[in-house]
Amino acid sequence: MVDVPLGSTGVVAAPDVEDVELYHPHSWVTKYVFSQDAKIIAIQYAFVALSVGLVALVLSWLMRLQLGFPGVFTFIDANAYYQFITMHGMMMVVYVLTALFLGGFGNYLIPLMIGARDMVFPYVNMLSFWIYLLAVLILVASFFAPGGPTGAGWTLYPPQAITSGTPGGQDWGIIMMLVSLMVFIIGFTMGGLNYVVTVLQARARGMTLMRMPLTVWGIFTASFMALLAFPALFVGAVMMLFDRALGTSFFMPAIVEMGQPLDRNGGSPLLFQHLFWFFGHPEVYIVALPAFGIVSDLISTHARRNIFGYRMMVWALLAIGALSFVVWAHHMYVSGMNPYFGFFFATTTLIIAIPTAIKVYNWILTLWRGDIHLTIPMLFALAFIVTFVNGGLTGLFLGNVVVDVPLSDTMFVVAHFHMVMGVAPILVIFGAIYHWYPKVTGRMLNDGLGKLHFWVTFLGAYAIFFPMHYLGLMGIPRRYHDIADMAFVPPSAHTLNAFITIMALIVGAIQLVFVFNLFWSLRHGREAGGNPWRATTLEWQTPETPPPHGNWGRHLPVVYRWAYDYSVPGADQDFIAQNQPWPTRTSGAGHG
Amino acid sequence: MAVALILVLVAVGSVVFHLVSPWWWTPIASNWRYIDDTIIITFWITGAVFVAVILFMAYCVYRFRHQEGRQAHYEPENKRLEWWLTIVTGVGVAAMLTPGLFVWQRFITVPDDATDIEIFGQQWQWSFRLPGPDGQLATTDTRLISPDNPLGLNRDDPKSQDDMVIEGGELHLPVNKPVKALLRSPDVLHDFYVPEFRAKMDLVPGQISYIWFTPTRTGTFEILCAELCGVGHPQMRGKVIVQEESEYQAWLQEQASKSFAHLTPGIRNGTVMPD
Ligand code: HEM
Ligand SMILES: [Cu+2]
Ligand SMILES: [Cu+2]
């Protein structure tokens, strides 16, 4: 399936498409606000998601201030602390990472990379964004609701989430959270169907599935998974909303609340956990797979080398996607479920490590014998590998059921998932922004500021989360607003906590440099030209940069080769674009 | 150059941190040394992989950095290498999983001579129930909970006559005797966690979960709640006091006399700690 670069393929005539008049927007509002252009929608998604990210970042500062300097910031009481972790966690996972990868990168890159003019359902695509924005507004509004936002933890486990011992449990907080999630899922479904159908139906002539860039594969697989996973959360949210508002007992057994018996009976708290993690575990990969895909393309482009083992990479993505639906209960080893499930879920979980490891090998083997340009996107890609390998390996601790017993619900878990699904994907997002910003704006981001941003973010984040594992190993539980007077915790652990907090403040602050760079370079960045990285994939071959509505002008591109023809022997440049029919090469045997 | 060097420093620094940092697990006080052993195996395997991957990357960054005239090698795939790597990974994973599953089998198989006790967690305190001379715990029902029956014992159950209820957070256990703790919550999820025992398990309202362990050294250990249970979660603490058999018996005698009074309706004592 890897294409012979020296082809006997004749030039296929590009389909000549008349410009459809109705298709283009006429007013400023339909062009930039209620836009149906996937690229504008992508920017809207990205802007909202990054803004939510900044809020979630500030929340992490507040939490860290409390943990590093307990008692100093008296406004962060237990109530506030639990509200902060809940909103921070939910925002980061769902409203930032999912929205940014699928709504942001998916919208921008899918049509361009597969050679389409737009998503197949542009109107639905537009609705998807506005519904997402509504979900964000509901979520943020819960900060101002009576009783404040919910403090149930991002996992929202009942009965605690809807009883009075938890902030927002008997106020508006939990209701607004559930409603916001439901709205988000409705919006996402509209977008997700679009991404999947577009990839399946709207590829340019010659763009077979096995010629697609891995970025598209990653986003496509993740969207498909999200369409299967989010409904579980949706029904869980509906049932919990009924329990909270209508007095049903889906998740409520006979319990007492602060000494008073409640009129509930027969429900199962574990049922919610199963529903939540049936969504929640695939969600981890919904965030990870787009990052896998994007980072593959960053590494290949900036190392000027074909991605190593492309077919294996595609199969590994699909295998991870499929397996991730049968590992969910590894989040529940100590939940009180039937302990025999442990054997099954530990085995499936460790099996997932194999395709994941293959991906890592192929990334580093792409570097091997490459021509490595240490550009900012490449630096972020390298840092991604470090943090992802680190977090993936600690996943082997937590997946191995009995090892999870002492570590579960401790700071070890917090360190693990931040490394693997917080820091690693965010590093890819940064790398991807530095990489595609020139296509979006026509200008390069500033390099010096980029380097500063990179080094502080990478080393700082590593310094935050690497030592944190050891606090968990010692036994410090997560979601503890205060670890004062625990006999087994030595004073040095408090010093470490203070250090982590200072690092978190520094890493947070440096993001302002990045935000500044984004705005400053719009005007003052170096002119990029159409293909500054000399990349092969179609988005770099558009007739205009930034690409206008419809992307391709009159002629859709035709694809002749896979996405990774870098440094093909004998070619006169070190890349051959996917839509270039004749390899301009003198000699040399092809690869097949 | 600098990039390769920093990558090496990250790998080496992580290993050095692991070896010299003062933050490590608490000295174990239960039979779950196997868990510690499995963690150690996992640390070795994963540590080796981590260092190997990062050093390899650093080498590539150094050796294949862009220079005038360098051309990357064009090689889409290498089936042999890919299969070898897959197999080696599979073996490494099996080396961690297999001992893990054996230990899990032990973890969930309660020995016959284990004593049943009950650990009862509610927002936000721990209580305990010992079976008394008959060695059996009476049945319970959340709907029977009332101020003079705080754990919801079924008084019609004859086994309830000698059950010993301890409210307020101190659990005494004899050393080297296996216990099977039945875990019960009347309100929300909690989690019984003693770092020195390595063991933890959730308490789930509406069902009874269990955990077993054998305390292997005497001393006082902290009980933490490890499942978010509302604003009082970090304050939900208790103590396990592991004693020599003789001391434990003495304590038990003392409790037994108090506990008799406890069964008289309306009088609420039998508590070890005032609440
Ligand atoms: C430098 C950046 C970040 C810092 C300093 C940070 C810090 C924290 C802290 C202190 C907690 C609470 C720990 C506890 O008490 O249990 C937390 C929880 C969490 N964070 Fe982050 N975080 C950061 C970035 C992220 C990112 C990028 C993600 C995206 C996946 C993320 C996802 C979560 C989640 C899911 C939780 C769990 C919330 C819960 O327990 O309900 N964080 N973070
Ligand atoms: Cu609790
Ligand atoms: Cu708790």
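In what order do the 5 strands of the open sheet in chain B stand? I began my notebook with this point, keeping in mind that the model is a predicted one.

**Entry on the sheet.** I read the order as S3-S2-S1-S5-S8, and I noted that the pairing is mixed. I then looked up the edge strands, which are strand S3 (164–167) and strand S8 (209–213) of chain B, since each of them pairs on one side only. From one strand to the next, I found that the twist averages 25 degrees. Turning to one pair in detail, I saw that strand S2 (residues 125–130) of chain B pairs with S3(B) in the antiparallel sense, over 4 bridges, and that B:Leu130 stands opposite B:Met164 in S3(B).

**Entry on the copper ion (ligand 2).** Next I asked which protein atoms are donors of this ion. I listed B:His190 (ND1), B:Cys225 (SG), B:Cys229 (SG) and B:Met236 (SD), which lie 2.0 to 2.4 Å from the copper ion. The 4 donor atoms subtend angles of 92 to 133 degrees around the ion, and I therefore recorded the arrangement as tetrahedral. Along the sequence, I wrote the spacing of the donor residues as H-x34-C-x3-C-x6-M.

**Entry on the bridge.** Finally, I found that B:Cys225 bridges the copper ion (ligand 2) and the copper ion (ligand 3), the two ions lying 2.6 Å apart.

Key
Residues are numbered from 1 along each chain as its sequence is written. Chains are lettered from A and ligands numbered from 1 in the order in which they are written. This is a predicted model: local features need pLDDT of at least 70, side-chain atom pairs count only at pLDDT 80 or more; totals for chains, interfaces and linings use all residues. Side-chain values use heavy atoms; hydrogens and water are left out. Donors are N, O and S atoms within 2.8 Å of the metal (3.2 Å for Na, K and Ca); water is not among the atoms, so sites may look incomplete. Four donors count as tetrahedral if all angles lie between 85 and 135 degrees; four count as square planar and six as octahedral if opposite donors are over 155 degrees apart and all others between 65 and 115; anything else is irregular. Two strands pair if DSSP finds at least two bridges between them. Helices (H or I, at least four residues) and strands (E, at least two) are DSSP runs, numbered from the N terminus. Axes are lines fitted to C-alpha atoms, for helices over the stretch in contact, and angles run from 0 to 180 degrees between N-to-C directions.
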